[in-house]
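Open the model in your viewer and keep the sequence panel beside it.

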Number of protein chains: 2
Amino acid sequence: MTSIKPRLKTADYVKGVLQGDRIMLGQAITLVESNLLTDQQLAANIIKKIIDHTGRSIRIGITGVPGVGKSTFIESFGLRVISHGKKLAVLTIDPSSKITKGSILGDKTRMESLSKNPLAFIRPSAAGDTQGGVAHKTREALLLCEAAGYDVIIIETVGVGQSEVEVKSMVDFFLLLMLAGAGDELQGIKKGIIEMADAIVITKADGDNIHPAVEAQAAYQQALHLLPISPSRWQPKVLTCSAVTGSGLETIWEMIELYIEQTTASGFFLQNRQQQNVSWFNDNFEQLIKADIEQHLALKKSHLENKVAQQQLSPQAAAQELLEAYYHSMKKF
Amino acid sequence: MTSIKPRLKTADYVKGVLQGDRIMLGQAITLVESNLLTDQQLAANIIKKIIDHTGRSIRIGITGVPGVGKSTFIESFGLRVISHGKKLAVLTIDPSSKITKGSILGDKTRMESLSKNPLAFIRPSAAGDTQGGVAHKTREALLLCEAAGYDVIIIETVGVGQSEVEVKSMVDFFLLLMLAGAGDELQGIKKGIIEMADAIVITKADGDNIHPAVEAQAAYQQALHLLPISPSRWQPKVLTCSAVTGSGLETIWEMIELYIEQTTASGFFLQNRQQQNVSWFNDNFEQLIKADIEQHLALKKSHLENKVAQQQLSPQAAAQELLEAYYHSMKKF
């Protein structure tokens with residue numbers, strides 16, 4: 001996002017993405033993430049052209065608190081997915097701590113073997129500097145990956161709150177990673193996130209940790225039984241795995257395949273995607289309005305913000321004034 | 001919100017609220033919370049008329065996980081505030097669990113003595129059924145309470161995540177309640193929430209609990225020292241209190257007065273309110289657009305949603321179509 005490369009034409013990006021060109025895919029995602037108006041318009045045009053080539057991947061959300069071993073899990077699980085002949089893309093939502101502004105994620109080289117694999121595409125997103133619109137940008141990156149032919153898309157979050165709800169709204173399957181030997185409260189995981197999970201996977205189940213992992217598995221399985229049945233009718237599973245020994249990874253993939261099979265048969269899979277599309281529509285509309293204001297009324301808006309800050313105008317009156325300016329500017333379109 | 005009373009004229013509500021009439025205040029808040037378009041318009045007009053009479057209260061956010069004793073604390077602390085001759089309003093944000101739809105809060109009669117006190121106004125808000133806009137509605141309720149002459153406004157949240165960020169964005173002082181004998185992780189409190197706190201209060205510090213409470217106080221005080229200095233330059237305090245014995249309540253009030261005094265002197269108090277106003281302005285604008293769509297294009301929008309769900313139209317294309325319909329409808333204004 002910092003180094004600005006000369007931009008190509010819409011058709012060039014579209015062609016590159018549809019051909020599965022990783023460099024072009026990366027550049028297209030950069031456009032999606034850019035805050036420059038011209039980039040955003042270019043991105044919107046690209047999305048419009050590739051939209052018919054999207055929707056055919058399995059979308060998996062993965063979360064868990066820092067320390068649970070998300071990168072290690074995604075690396076080993078990802079290689080397993082690829083061993084089934086699937087192309088895999090990994091996207092990350094990182095809502096850096098609002099107050100400290102520090103990035104919770106490590107650097108880009110976390111998943112070394114996976115990032116070197118020609119069937120894998122890894123894209124850590126620095127979402128910390130965008131105001132809202134994080135979900136929006138991640139969704140568009142997801143669509144681009146689908147158009148580029150990736151069969152499985154993993155969306156990773158850092159597991160500390162709000163972003164899980166956003167990820168849930170864009171995936172088919174939501175996986176929560178947990179450590180053995182710690183209650184869910186100990187891991188800072190909120191009940192609401194447990195409720196969203198289609199599966200809990202206890203990581204690091206190797207060596208001396210196997211027994212605690214199996215115990216934790218039983219405990220969580222019991223806890224999940226207490227939750228109301230999800231609209232998918234799927235009973236959330238609890239599994240264990242080890243990124244070191246590779247145990248459990250195949251079972252996790254089989255479980256996800258079973259989920260897709262069952263929910264496709266029941267109609268939930270499609271219904272869920274349809275509902276997600278409706279909420280994408282609403283979100284897209286909000287983004288269009290924001291872009292409109294940015295394009296036609298940026299000065300007016302900043303002027304009103306100053307007046308509000310200086311208490312010369314109430315927030316309500318300023319909003320009304322901006323709306324009227326928006327009406328006025330539209331009449332010229 | 002369910003029983004619809006005949007509506008009065010804007011001027012009647014304004015007059016009632018400014019006179020401190022509790023019934024009128026309650027009805028005005030009901031209008032703010034209503035999803036009926038006519039109610040929303042009435043509410044907007046009322047807010048416009050009372051806006052010059054707002055801003056003069058101390059706004060306090062209080063959070064803590066269920067079981068920490070929030071109601072009991074607010075009841076005893078609130079009576080203490082009132083004993084200083086202050087009028088007190090208590091508003092509640094309750095973002096009921098999205099999935100189970102169950103309300104986390106108990107019923108309205110939680111704060112019995114406080115709710116009977118003529119200087120107190122208690123308003124539990126059922127925010128669970130509104131899509132977004134929770135913060136918006138709470139802010140307007142806050143403004144109405146200020147116009148009705150309340151000197152101290154407490155905004156209570158249930159302490160499980162996202163709503164804390166919203167509350168922080170509308171208060172002067174943010175108070176986190178904690179229990180002794182449990183680490184912060186044990187209480188499901190996230191680091192981000194600790195970072196937002198201007199003070200942590202250890203509740204139930206009485207009887208056998210006094211010693212653990214004092215220990216917890218020392219531990220939290222140490223932990224808070226590790227956090228970066230807040231923009232307010234205020235060093236967050238950790239206090240203990242007991243709603244049963246009343247110990248510590250006066251100290252909490254004095255601390256809040258000290259905070260107001262210090263941040264007023266440093267200019268932070270005003271600066272924070274100004275920033276909050278700017279974000280209220282942006283939020284208000286979004287609400288106006290939503291109301292516009294609801295008023296002029298509800299049918300069109302629902303038609304597009306159906307098309308998106310049936311996959312006859314992409315979310316992106318539908319958003320563009322709604323925007324164009326919006327342009328078109330505006331030209332008639």
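Select the strands of chain A: seven of them form an open sheet in the order β3-β2-β4-β1-β5-β6-β7, with parallel pairing. Strands here are DSSP runs of E with at least two residues, helices are runs of H or I with at least four residues, and both are numbered from the N terminus. Two strands count as paired if DSSP finds at least two bridges between them. At the edges stand β3 (120-124) and β7 (237-240) of chain A; each has a single partner strand, so one side of each is left without a neighbour in the sheet. From one strand to the next, the twist averages 20°. Angles run from 0 to 180 degrees between N-to-C directions, and axes are lines fitted to C-alpha atoms, for helices over the stretch in contact.

A note on what you are viewing: this is a predicted model, in which local features need pLDDT of at least 70, side-chain atom pairs count only at pLDDT 80 or more, and totals for chains, interfaces and linings use all residues. Residues are numbered from 1 along each chain as its sequence is written, and chains are lettered from A and ligands numbered from 1 in the order in which they are written.

Next, select 173-179 and 199-203 of chain A. These are strands β5 and β6, paired in the parallel sense over five bridges. Within this pair, Leu177(A) has Val201(A) in β6(A) as its bridge partner.

Colour chain A by domain: domain 1 is 56-266 and domain 2 is 279-331, with bounds from an automatic or database domain assignment. Five residues from domain 1 of chain A and four residues from domain 2 of chain A make the contact; residues are in contact if their C-beta atoms, placed from the backbone, lie within 7 Å. On the side of domain 1 of chain A that touches domain 2 of chain A, there are one nonpolar, three polar and one charged residues. (Ala, Val, Leu, Ile, Met, Phe, Trp, Tyr, Cys and Pro count as nonpolar, Asp, Glu, Lys and Arg as charged, and the others, Gly among them, as polar.)

Stay in chain A and go to Gln311(A), in the loop between α12 (298-309) and α13 (315-331). Its phi is near 60°, a positive value in a residue other than glycine. Most residues other than glycine have a negative phi. Gln311(A) is exposed, with 12 other C-beta atoms within 10 Å. (Exposed means 12 or fewer other C-beta atoms within 10 Å of the residue's own, buried 20 or more, partly exposed in between, with C-beta atoms placed from the backbone.)

Switch to chain B and select 88-93 and 152-157. Strands β2 and β4 of chain B run parallel and are joined by six bridges.

Which residue of strand β6 of chain B comes next? Select Ile202(B). Is Ile202(B) buried or exposed? Ile202(B) counts as buried because it has 26 C-beta neighbours inside 10 Å. Leu177(B) is 25 residues from Ile202(B) in sequence and 5.9 Å away, C-alpha to C-alpha.

Finish at Arg233(B), in the loop between α9 (210-225) and β7 (237-240) of chain B. Arg233(B) is not a glycine, yet has a positive phi of about 65°. With 10 other C-beta atoms within 10 Å, Arg233(B) is exposed.

Methods
Two residues are in contact if their C-beta atoms, placed from the backbone, lie within 7 Å.
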